[in-house]
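Please look over the sequence and the model shown here before reading on. The report is meant to be read with both at hand.

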Amino acid sequence: MRILRAAGRPATPWSNGGGVTREVAVHPPGAGWDTFAWRVSLADVTRDGPYSPLPGVRRILTVVDGAGLELTVDGTTRLLPDRCRPFAFPGGADTGSRLLDGPVVNLNVMLREGRADATVEMVRGSRVVEPVRGAYGGGADGPEAVLVVAVEGEARLGAAGEPAVRLARFDAALVAGPDAGRDAGPVELWTEGVAAVIALSAPGCARPAG
């Protein structure tokens, strides 16, 4: 399990000046915009404006701080007034956003079509995270990763026989996958608020609703 602390994450300004993005995790490690299979980030959005088009990328956006926003995707308007409700849309769509009442923070999951799929589950209270091959539909042949992000309040992760790891808000833990450091068994997740459990798998595999 790799712990990815929020402190010290570099902020990358958007080209349109509407906010900054902080990368949480990417695969392959160190991959850029043209080479990632999947990418998870947190974005501080400070003003209305268009999204940069990302053809060939599927996006899952979750507002995790602030009063929400209005997204217009290829001419269809969708209100996202509540925090912690994931919304998926094609990255290549003509997309713009309008803040409902001040700045927001978005959790963004980006998936290269044909290389990665994902579900985003918002967990309140506790649950067991089973980071084993096939647990989230990855199958015996596909790579799989499970990333936990504390998005409201503190979270704790504990494996049997090991001390629990504390995650402050916006800290993350890669609990399984080729970049996690080692294979892991089931991990107990407890959260005082809300934590995102992001299960990433190879494309074409059955995925649970999240």
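This is a predicted model: local features need pLDDT of at least 70, side-chain atom pairs count only at pLDDT 80 or more; totals for chains, interfaces and linings use all residues.

## The largest pocket

The largest pocket holds about 460 Å³ of space, and 23 residues line it, with Trp 14, Thr 21, Trp 33, Ser 52 and Met 110 lying nearest its centre. When the lining is sorted by class, eleven residues are nonpolar, eight are polar and four are charged.

## Salt bridges across the chain

Nine salt bridges are found in a search of the whole structure, and three of them are described here, beginning with the pair formed by the side chains of Asp 171 and Arg 5, at 2.8 Å from N to O. This pair connects distant parts of the chain, 166 residues apart, with Asp 171 in the loop between S15 and S16 and Arg 5 in the loop between strand S1 (2-4) and S2.

A second salt bridge joins Arg 22 to Asp 44, whose closest N and O atoms are 2.6 Å apart. Arg 22 belongs to strand S3 (residues 19-27) and Asp 44 to strand S4, so this pair ties together parts that are 22 residues apart in sequence. Arg 22 is partly exposed, with a relative accessible area of 28%, and Asp 44 also counts as partly exposed, at 24%. In a third, the side chains of Glu 152 and Arg 83 meet at 3.0 Å, N to O; Glu 152 lies in strand S13 (residues 144-152) and Arg 83 in the loop between strand S8 (76-80) and strand S9 (87-90), so parts 69 residues apart in sequence are tied together.

Asp 171, found in the loop between strand S15 (165-167) and strand S16 (172-176), touches Leu 4, Arg 5, Ala 6, Arg 9, Val 148, Val 149 and Ala 150, when residues up to four places away in sequence are not counted.

Gly 193 has its place in strand S17 (residues 187-201). With residues up to four places away in sequence again left out, Gly 193 touches Val 123, Arg 124, Gly 125, Glu 152 and Glu 154. Gly 193 and Ala 155 are 38 residues apart in sequence, while their C-alpha atoms are 7.7 Å apart in space.

How values were computed. Residues are numbered from 1 along each chain as its sequence is written. Side-chain values use heavy atoms; hydrogens and water are left out. On a 1 Å grid over the protein atoms alone, a cavity is a set of points where a 1.4 Å probe fits but cannot get out, and a pocket is an open set with protein on both sides within 12 Å along at least five of seven lines; lining residues have an atom within 4 Å of a point. Grid points are joined across faces, edges and corners, and a volume is the space filled by probe spheres set on the points. Ala, Val, Leu, Ile, Met, Phe, Trp, Tyr, Cys and Pro count as nonpolar, Asp, Glu, Lys and Arg as charged, and the others, Gly among them, as polar. Helices (H or I, at least four residues) and strands (E, at least two) are DSSP runs, numbered from the N terminus. Contact means heavy atoms within 4.5 Å. A salt bridge is a side-chain nitrogen of Lys or Arg within 4 Å of a carboxyl oxygen of Asp or Glu. Buried means under 20% relative accessible area, exposed over 50%, partly exposed in between (1.4 Å probe, protein chains only).
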